[in-house]
Amino acid sequence: MKISIRTAFLIFGLSLFAASLSGASETKHGNEMTAGEQAMEHTGNIVHKSEIDGYQLSYELIDMRAKMPDMPDMAATHRLMVYVKDPGGIDVEDAKTGFLIDGPDGEVQKAMCMGMGGGYGADVNLEKKGTYTVKTKIVNGKDKLLDSFSHEIGD
């Protein structure tokens with residue numbers, strides 16, 4: 001069966017269009033989300049909110065072991081998310097973001113975040129009960145934001 005070049009290009013173009021539609025599960029940051037990440041998106045507890053230089057920060061803590069009970073041996077117990085809005089109320093999409101977490105036992109965790117679910121998240125281990133101090137650094141262009149808060153992990 002012969003097909004014309006025009007038909008071949010039309011089929012190719014339609015297949016590219018269909019492939020772009022299947023990317024609907026991508027976040028604003030261009031990272032494809034796994035099914036597990038989609039299931040955890042905005043399913044945690046808001047643990048802190050702050051305003052720094054007009055930017056609005058909202059932190060969400062997701063208990064990954066509760067969300068994914070079929071994976072009990074995961075090293076990370078939680079996903080810590082930060083959602084960032086600029087002074088104009090627009091979601092910040094291309095920032096460099098990281099956490100420094102001081103645990104109740106003095107152990108320090110460093111975690112670089114990746115864009116996911118409209119925010120920035122990192123998998124962390126908050127297995128020990130007690131107070132954790134979370135320090136956040138967000139670099140958005142020439143703006144550098146530093147934030148800190150404490151959160152209690154209990155029973």
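## Lining of the largest cavity

Strand E9 gives the most to the lining of the largest cavity, with 3 residues; strands are DSSP runs of E, at least two residues long, numbered from the N terminus. A cavity is a set of points, on a 1 Å grid over the protein atoms alone, where a 1.4 Å probe fits but cannot get out, and lining residues have an atom within 4 Å of a point. This is a predicted model, in which local features need pLDDT of at least 70, side-chain atom pairs count only at pLDDT 80 or more, and totals for chains, interfaces and linings use all residues. Residues are numbered from 1 along each chain as its sequence is written, and side-chain values use heavy atoms, with hydrogens and water left out.

The largest cavity is lined by Val 47, Leu 61, Leu 80, Ile 101, Leu 126, Tyr 132, Val 134, Phe 149, His 151 and Ile 153. Strand E8 (130-140) and strand E9 (143-153) are the elements that give two or more residues to this lining. By class, the lining residues comprise 9 nonpolar, 1 polar and no charged (nonpolar: Ala, Val, Leu, Ile, Met, Phe, Trp, Tyr, Cys and Pro; charged: Asp, Glu, Lys and Arg; polar: the others, Gly among them).

## Cavity volume

The structure holds 2 cavities of 30 Å³ or more. The largest cavity contains about 80 Å³ of space, where a volume is the space filled by probe spheres set on the points, which are joined across faces, edges and corners.

## The open sheet

An open sheet is formed by 5 strands in the order E1-E2-E3-E7-E6, with antiparallel pairing; two strands pair if DSSP finds at least two bridges between them. Strand E1 (45-52) and strand E6 (114-116) stand at the edges, each with a single partner strand, so one side of each has no neighbour in the sheet.

Strand E6 pairs with strand E7 (residues 119-124) in the antiparallel sense over 3 bridges. Gly 121 in E7 is the bridge partner of Met 114.

Terms used. On a 1 Å grid over the protein atoms alone, a cavity is a set of points where a 1.4 Å probe fits but cannot get out, and a pocket is an open set with protein on both sides within 12 Å along at least five of seven lines; lining residues have an atom within 4 Å of a point. Helices (H or I, at least four residues) and strands (E, at least two) are DSSP runs, numbered from the N terminus.
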